[in-house]
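Subject: Structure for your review

Dear colleague,

Please find the structure below, followed by an account of what was found in it.

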Amino acid sequence: MSDLGRQSFTDKTGSAMKPDSQKGVFEQAGDAVKGKTDSAASTLQPQHEKSTTQKAGDTFSGNQNHNQESIADKTKNALGLGHK
């Protein structure tokens, strides 16, 4: 379960697993806004206030703000489903 004010893990997973080529313009824009908002929330929420599951979710999704590609993005790109 994600922390209050954060994007749900199911929403993140569903968005990551659907190829960008199958998303409409509005869905892609919505995903981008949700991702940026969640990343900002990750940055603003002190690490010591995050639940264990939120820390794990941030690690998986790359929301550690180290400009590294997330595991989800690496998988998506390896399967040919990402932008790269």
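The residues of helix 3 that count as buried are Gln54, Gly57, Asp58 and Ser61; buried means under 20% relative accessible area, exposed over 50%, and partly exposed in between, with a 1.4 Å probe and protein chains only. Seen down the axis of helix 3, these buried residues fall within an arc of 100 degrees, so they line one face of the helix. The arc is that of the directions from the helix axis to the C-beta atoms. Helices (H or I, at least four residues) and strands (E, at least two) are DSSP runs, numbered from the N terminus.

This is a predicted model, in which local features need pLDDT of at least 70 and side-chain atom pairs count only at pLDDT 80 or more, while totals for chains, interfaces and linings use all residues. Residues are numbered from 1 along each chain as its sequence is written, and side-chain values use heavy atoms, with hydrogens and water left out.

Helix 3 and its surroundings

The buried residues of helix 3 pack against helix 1 and helix 2. Glutamine 54 belongs to helix 3, which covers residues 52-61, and counts as buried because its relative accessibility is 0%. Apart from neighbours within four places in sequence, glutamine 54 is in contact (heavy atoms within 4.5 Å) with Ser2, Asp3, Arg6, Phe9 and Gln45. After helix 3 comes glycine 62, with a positive phi near 85 degrees.

Helix 2

Helix 2 has 20 residues and reaches 29 Å from its first C-alpha to its last, close to the 28 Å expected at 1.5 Å a residue; the expected span is 1.5 Å times one less than the number of residues. Its buried residues are Asp31, Asp38, Ser39, Ala41 and Ser42. Viewed down the axis of helix 2, they fall within an arc of 160 degrees, so they line one face of the helix. That buried set packs against helix 1 and helix 3. On the face of helix 2 turned away from the buried side are the exposed residues Val25, Phe26, Val33, Lys36, Thr43 and Leu44.

Alanine 41 is placed in helix 2, residues 25-44. Neighbours within four places in sequence aside, alanine 41 is in contact with Gly5 and Arg6.

Salt bridges

A search of the whole structure finds 8 salt bridges, a salt bridge being a side-chain nitrogen of Lys or Arg within 4 Å of a carboxyl oxygen of Asp or Glu. One of them joins the side chains of arginine 6 and aspartate 38 (2.8 Å, N to O). Arginine 6 lies in the segment before helix 1 and aspartate 38 in helix 2, so the pair ties together parts that are 32 residues apart in sequence. Arginine 6 is buried, because its relative accessible area is 9%, and aspartate 38 counts as buried at 3% relative accessibility.

The side chains of lysine 12 and aspartate 38 also meet in a salt bridge (2.8 Å, N to O). This pair links distant parts of the chain, with lysine 12 in helix 1 and aspartate 38 in helix 2, 26 residues apart. Lysine 12 is found in helix 1, residues 9-17, and is buried because its relative accessible area is 14%.

A further salt bridge is formed by the side chains of lysine 18 and glutamate 27 (3.1 Å, N to O). Lysine 18 counts as partly exposed at 28% relative accessibility, and glutamate 27 is partly exposed with a relative accessible area of 33%. Salt bridges that share partners join Arg6, Lys12, Asp38, Lys50 and Asp58 into one network.

The protein as a whole

The protein has 4 helices and 0 strands, and its elements run α-α-α-α from the N terminus on. Of its 84 residues, 30% are buried. Among contacts between residues at least 6 apart in sequence, 59% join residues at least 24 apart. The accessible surface comes to about 5700 Å², of which 60% belongs to carbon and sulfur atoms; accessible areas come from the Shrake-Rupley method with a 1.4 Å probe, and for residues only the protein chains shown count as cover.

Yours sincerely
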